[in-house]
Amino acid sequence: MRTVTLDLVDGAGELLGALPAFTVEAPWWPEVADVVAGARERFGVEVTVLRLLHADRPRPHGGTVTYLAQADGPVPPVEPARVNLAPHPHRAPYAEVGGPAESIRWAVGAMRDLGLGTPSRIIQRKTWNLSALWQLDRAAGPLWLKHLPGFLKAESEVLAWLGAVAPGAAPRLLAADGTGRQLLGNLAGEDRFGAPAAERLSMIDLLHGLQRRALDDLPLLAGRGVTDRRGGLLYDQIMIAAEPWLSEIFGLGELLAGLRERLAAVADCGVPDTLVHGDFHPGNVRSDASVPPAVLDWGDAFLGHPAFDLLTMCGGLPDEEAAPIVARWAALWRRAAPGSDPVRAAELLRPVRPLLGATSYANFIHHIEPSEWPYHAEDVPTCLRMAVAQA
């Protein structure tokens, strides 16, 4: 549950005031469909949520949160509000006044150009510093408008590549504008959060097939802007993210002192670098009994070691449930790279995975405005401490 306050601006960016606080059931800060619906049902005002302004908790989720929202039409009496509306260089385009409307205009135009009709209803589903998402309903089935910030826009390139080499294995990219806006087809099924270990075997099979296919196309993907975390690049990225915390986290310096040697030992295991999803948990796989699985949310994708995806997929599972998944993954890579030692590579990378997580979160913080730091700020030291514990 969240207690929500909406500070309202009009279409010209002028501050109007704040709606009285109200509660919504979903605690997840980026999820805003129930926030928009709550404003409509309680106060009779149509709003578009732009961005997080304040949270009373240092990390997600729940609690009391304040968003900036643009009112689209008449507003009821509002309370006084004090909001810093100054521009910020790291603000996403969809977090600006008028930004969501511009993205919707682009998507509707792309639908028209592709002969896909026009939406009968548009629902704002999510907005935060890593994406904004709208559901575009049609009689023929929904489409999706996803707008990513500039530092994640290479997802469009990954989806275009996947659509060419493995149609159906990921959302279909119908259009992209090169700045982060994407028009996506719908995928049947449901996100498989909490999937049992046995179901995760088919997810491993799917991703391995995609990663085998990517081996020959790594130069192409690198040239299209997919983040490169191979070899020494990964070492350098981890060191930059971890350096500010060396004096605060006991054992971190020792772990980092052996990092170069550890990564060299991983390379000696002989498993090739490939396209890595970067956040390969069951919730990013969509499926049901009638359709094969498809992998969502490639914004964190990078070029690097495939064991990172294995470790994420096994996250939270007891060792006895993870063991068959590791065995399946290792057998697939031993066939793909005869003589390799995938199990040893995965074990060596176990403490490196949270170091990589700290690197990703530090990158997010570097690219977002301070009001939205609560989404990620605690994640960096948490990941670094986890790495030390796992080492």
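This is a predicted model: local features need pLDDT of at least 70, side-chain atom pairs count only at pLDDT 80 or more; totals for chains, interfaces and linings use all residues.
Residues are numbered from 1 along each chain as its sequence is written. Local features need pLDDT of at least 70, side-chain atom pairs count only at pLDDT 80 or more, and totals for chains, interfaces and linings use all residues.

Start at T48, in strand 4 (residues 47–55). Strands are DSSP runs of E, at least two residues; helices are runs of H or I, at least four. T48 counts as buried because its relative accessibility is 16%; buried means under 20% relative accessible area with a 1.4 Å probe, protein chains only. Its side chain makes a polar contact with the side chain of D72, at 3.0 Å. Such a contact is a pair of N or O atoms within 3.5 Å, one able to donate a hydrogen and the other to accept it. Leaving out residues up to four places away in sequence, T48 also touches P100, among others; contact means heavy atoms within 4.5 Å.

P100 is one of the buried residues of helix 2. G115 follows the helix, with a positive phi near 70°.

Strand 4 also gives the most to the lining of the largest cavity, with three residues.

Definitions and conventions: Side-chain values use heavy atoms; hydrogens and water are left out. Buried means under 20% relative accessible area, exposed over 50%, partly exposed in between (1.4 Å probe, protein chains only).
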